[in-house]
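Me: I am new to this structure and would like to learn how to read it. Could you take me through its features in turn?

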Amino acid sequence: MPADLASLSEQARIAVSLKPDLIEWRADFLRNQTSEGLLECASVLRRIAPDTAIIFTLRAKSEGGAQDIPSSTRRLLIDSVLRSKTIDIVDLELANEPSFLAALIPVAKDLRGPRAPGDARLRADARKRCAERPDSCDA
């Protein structure tokens, strides 16, 4: 997982060359956990992958995240990246405090951009994967 802008850029270029439908950016691995740092990375990632949907993830340590980031700081960082319109999907765990989710969900609802895959397509892809590998699907 990339810890700085240089490694994020390198990994993004490799990912784009593989022509994925989605790229997940695990921002919790970045050393620079500031709004400015994340916004710079988000902007560079979008320039490298202009036509690929980007999933933004900033996990808490309790969710398997790489760093112990206070909830209030995480919320502000996620909000900043959401408002930048550089990402298409945000990964938020429902185990977060209701107030945490309530502050971010209205902003996240505005992410339906032209790169984001449609819900129907995601469901169809999931059904296909389950048909191919039933052991990998939830009951």
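**Two helices side by side**

Reply: Start with a pair of helices: the axes of helix H3 (residues 71-83) and helix H4 (residues 98-108) come within 10 Å and cross at roughly 5°. Axes are lines fitted to C-alpha atoms, for helices over the stretch in contact, and angles run from 0 to 180 degrees between N-to-C directions. That crossing makes H3 roughly parallel to H4; angles under 35 degrees count as roughly parallel, over 145 as roughly antiparallel, 65 to 115 as roughly perpendicular and the rest as oblique. This is a predicted model, in which local features need pLDDT of at least 70 and side-chain atom pairs count only at pLDDT 80 or more, while totals for chains, interfaces and linings use all residues. Residues are numbered from 1 along each chain as its sequence is written, and side-chain values use heavy atoms, with hydrogens and water left out.

Me: Which residues in H3 and H4 meet?

Reply: Contact means heavy atoms within 4.5 Å. From H3, Ser71, Arg74, Arg75, Ile78, Asp79, Leu82 and Arg83 meet Phe100, Ala103, Leu104, Val107 and Ala108 of H4. By class, this contact has 7 nonpolar, 1 polar and 4 charged residues. Here Ala, Val, Leu, Ile, Met, Phe, Trp, Tyr, Cys and Pro count as nonpolar, Asp, Glu, Lys and Arg as charged, and the others, Gly among them, as polar.

Me: How many helices and strands does the protein chain have?

Reply: Helices (H or I, at least four residues) and strands (E, at least two) are DSSP runs, numbered from the N terminus. The protein chain has 5 helices and 3 strands, in the order α-β-α-β-α-β-α-α from the N terminus on.

Me: In what order do the strands form the sheet?

Reply: Two strands pair if DSSP finds at least two bridges between them. In this model the 3 strands form an open sheet, ordered S1-S2-S3, with parallel pairing. Strand S1 (22-26) and strand S3 (89-91) are at the edges with a single partner strand each, so one side of each has no neighbour in the sheet. From one strand to the next, the twist averages 25°. S1 pairs with strand S2 (residues 53-57) over 5 bridges, and Leu22 stands opposite Ala53 in S2.

Me: What is the length of helix H1, and which of its residues are buried?

Reply: The expected span of a helix is 1.5 Å times one less than its number of residues. H1 (residues 5-17) has 13 residues and reaches 18 Å from its first C-alpha to its last, close to the 18 Å expected. Buried means under 20% relative accessible area, exposed over 50%, partly exposed in between (1.4 Å probe, protein chains only). Ser7, Leu8, Ser9 and Ala12 are the buried residues of H1, and what covers them includes S1 and helix H2 (35-48). Ala6 also lies in H1, but counts as exposed at 57% relative accessibility.

Me: Where do Lys19 and Lys85 lie, and what is their phi?

Reply: Most residues other than glycine have a negative phi. Lys19, in the loop between H1 and S1, has a positive phi near 55°. Lys85, in the loop between H3 and S3, has a positive phi of about 60°. At 71% relative accessibility Lys19 counts as exposed, whereas Lys85 is partly exposed, with a relative accessible area of 48%.
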